[in-house]
Each structure stands twice: as C-alpha cells, then as structure tokens.
Amino acid sequence: MRASPIQPTVDFNADGEQHGFLKLPYSHDASAWGAVMIPITVIRNGDGPTALLTGGNHGDEYEGPIALSQLAATLRADDVKGRVIIVPFMNYPAFRAGSRTSPIDRGNLNRSFPGKPDGTVTEKIADYFQRHLLPLADYVLDLHAGGRTLDFVPFAAIHVLPEAQQQARCEAAMRAFGAPYSMRMLELDSVGLFDTAAEEAGKVFVSTELGGGGTATAQSVAVAARGIRGFLQHAGVLAHEPPEDAPRTTTLLDMPDGTCFTTSEHDGLLEMCKDLGETVESGEVIARIYDASRTGVAPVEYRARRGGLLAARHFPGLVGIGDTVAVVADVVERGIPVSV
Ligand code: CA
C-alpha cells in the first residue's frame with residue numbers, strides 16, 4: 001500500500017515531552033502548498049506500555065479535547081513509565097469548524113476506518129491512525145460525547161467482543177476509568193469505527209459518551225479528567241494514587257439489542273417526558289412529538305420499548321424523522337466500587 005502523506009513532527013521513540021503536529025499536506029485556495037496541522041503530544045519515559053488518548057474524533061464533542069489539552073500541558077515525563085500519545089483533536093478540520101464531520105470533505109472520521117492513504121483528507125487521517133498510531137499502542141482511550149444532537153448520562157463504554165479475554169481486559173479498563181456509568185454498548189453500524197479498528201488490532205480499547213449538546217460542563221470535564229488518570233494508572237503508565245476519601249462507584253449498564261433505541265418517525269417539536277438517568281418502565285411514554293405546523297392536533301406519543309435507565313436523548317428542541325429520540329439501557333448492577 002501507498003505510504004501515508006502525513007508526517008509527524010515528533011519522534012515517537014524519544015524520551016521527554018514533545019508537542020508537535022501530524023502534518024497532512026492539503027492544497028487549497030487559501031494555501032497552495034498548505035497543510036492540515038493536527039496537534040499531538042508524545043510523553044515518554046523509557047520502556048513500558050503505550051497509551052493512545054484521543055478526542056475530537058467528532059468535532060463537536062468537547063470533554064476529550066478539554067481534558068486532553070489539560071493533560072498535554074501538565075503531564076511530565078517523570079510522571080510516566082512508558083509512553084503517552086495524546087491527540088486531543090483527531091478530526092482537526094471538523095473540530096475547528098465545531099461540526100461532527102469535516103468541512104473539507106464532509107468526512108465522518110468514525111465511519112472512515114481503515115481509511116486510505118490516497119483518499120480524502122478524512123480518510124488520510126484514519127489511515128494514519130490505523131497503520132501508524134494503533135500499532136504503537138497497547139491501550140487506547142477515545143473520548144466522545146453526544147455532540148450537538150445528542151446528550152448522554154456520563155459513561156465509559158466497551159463492546160461485546162468475539163474474544164472473551166480481550167473483552168475482560170477492556171471491561172477492567174472501563175471500570176478503572178470509573179465514570180458514573182459503565183456501558184456494554186451496542187452499535188447499530190460498527191463498520192468504519194475507530195473502535196472496531198482498535199479492537200480488531202487486539203488493543204485494550206475504551207470509549208466514552210460523557211455528555212453532549214455541543215458543549216461540556218464542569219462535571220463532564222471532571223469525569224473525563226479523573227477517568228483519564230484512572231485509565232493511565234490501570235495501564236501502568238501512571239503510578240497509582242492513594243485511595244480517595246469517598247470511594248467512587250459506577251453503575252453497569254447494558255444495551256442488549258435494538259429495542260434500546262427509540263427512533264423518530266415524525267418531524268416536529270420534541271417534549272421529553274423523562275430526563276437522563278431516570279428509570280423508565282417498558283411501555284411508558286418517554287417523549288411526545290407535536291406537529292409544529294398546526295394547533296389542535298394531539299402529539300404522537302413515543303413509548304419505551306424496554307424498561308431500564310434513560311441513557312441518551314435527542315438534544316435539540318426540534319426533531320426529525322429518523323433521529324434517535326432516546327436510548328433506554330438495562331441496569332445490570334449499581335454501586336460497583338471503582339478500582340484501577
Ligand atoms: Ca461521538
């Protein structure tokens with residue numbers, strides 16, 4: 001296969017702290033011999049495991065970019081055993097535009113794996129992660145949130161994997177992240193995901209959904225920052241911290257099948273009848289959609305297809321046909337102590 005056009009300005013094998021770029025040539029009207037400059041930090045201290053930490057896979061999700069920018073500015077090589085590679089804004093053009101997909105090619109990075117070295121800008125980014133960064137990593141953490149159109153209870157997530165041992169290792173890392181919720185996640189369409197690429201490469205992979213609405217809160221950023229530390233301690237890259245005064249717990253959730261999802265079959269005005277984190281009975285009304293073109297018409301009621309906990313919801317006040325209105329997850333176990 002063709003070589004990647006992306007050149008790193010950092011040396012992945014050098015000890016110390018390096019802040020540089022992944023330089024992706026991109027010729028366009030405003031810059032004939034220009035490049036997309038994707039910021040990257042590499043912090044290495046001798047031999048040991050490598051953790052790859054990523055945010056901004058979707059450009060309108062902010063907990064990852066904020067918490068990873070904090071980490072990149074403060075983490076010192078002396079704190080580390082092995083190597084941490086930090087890319088806070090994976091799909092950098094999308095991040096700069098504040099949009100889920102790239103303004104250059106409309107590419108959704110998390111549907112573009114394994115990518116192509118001679119494809120679109122987004123496919124070139126995917127290819128570089130696939131063939132150059134994933135092989136360096138033992139542990140991979142990709143921080144997501146709901147973006148502008150979804151909102152979530154804060155959770156770390158893994159997938160059900162064909163290899164039970166790998167799944168157990170991912171599950172242990174998810175619990176070390178220690179978000180308020182920990183999810184066994186079902187993907188409706190797993191083709192092209194960074195998740196799938198990392199899992200198929202045998203990595204310990206954890207993803208998150210930490211909030212949404214196209215912004216971040218003090219609480220969701222704190223969950224991200226604490227979770228990253230727990231993940232790095234679990235990986236053996238950071239030393240373990242003394243136990244917290246008030247031990248944290250996580251609630252294990254599961255999305256066993258497609259009945260978790262409620263999809264809108266109408267356009268209109270959305271009234272959520274349950275809030276995130278609330279318990280929902282099977283058959284209970286979770287949302288109403290009003291016809292926004294006239295008065296005097298009863299709204300359409302959407303009922304939960306299973307009982308559980310409202311884990312995700314459509315964020316904007318207007319909803320369209322085909323939008324995910326809500327996700328109801330099974331509560332497997334509450335009050336699991338977090339330990340790295
Ligand atoms: Ca996302």
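This is a predicted model: local features need pLDDT of at least 70, side-chain atom pairs count only at pLDDT 80 or more; totals for chains, interfaces and linings use all residues.
View 1. The domain assignment places domain 1 at residues 7-253 and domain 2 at residues 258-331. Contact between them involves 15 residues of domain 1 and 16 residues of domain 2.

**View 2. Area buried between the two domains.** About 1200 Å² is buried between domain 1 and domain 2, with 74% of it on carbon and sulfur atoms. On the side of domain 1, the most area is lost to domain 2 by Asp151, Val153 and Leu253, which together account for 36% of what that side buries. Taken over C-alpha atoms, the centres of the two domains are separated by 30 Å.

**View 3. The largest pocket.** This pocket holds about 680 Å³ of space. Because domain 1 and domain 2 both give residues to its lining, the largest pocket lies between them. Of the 30 lining residues, Arg100, Arg111, Leu150, Phe152 and Glu187 lie nearest the centre. The lining comprises 13 nonpolar, 9 polar and 8 charged residues.

**View 4. Strands lining the largest pocket.** At least two residues of the lining come from each of strand E7 (150-152), strand E9 (181-185), strand E10 (204-209), strand E17 (308-314) and strand E19 (324-337).

**View 5. The second largest pocket.** The volume of the second largest pocket is about 300 Å³. Its lining has 14 residues, and Pro242, Pro243, Glu244, Arg248 and Val340 are those nearest its centre. By class, the lining of this pocket divides into 5 nonpolar, 4 polar and 5 charged residues.

Conventions:
Residues are numbered from 1 along each chain as its sequence is written. Side-chain values use heavy atoms; hydrogens and water are left out. On a 1 Å grid over the protein atoms alone, a cavity is a set of points where a 1.4 Å probe fits but cannot get out, and a pocket is an open set with protein on both sides within 12 Å along at least five of seven lines; lining residues have an atom within 4 Å of a point. Grid points are joined across faces, edges and corners, and a volume is the space filled by probe spheres set on the points. Helices (H or I, at least four residues) and strands (E, at least two) are DSSP runs, numbered from the N terminus. Ala, Val, Leu, Ile, Met, Phe, Trp, Tyr, Cys and Pro count as nonpolar, Asp, Glu, Lys and Arg as charged, and the others, Gly among them, as polar. Domain bounds come from an automatic or database domain assignment. Contact means heavy atoms within 4.5 Å. Buried area is the accessible area (1.4 Å probe) that two parts lose on being put together, summed over both.
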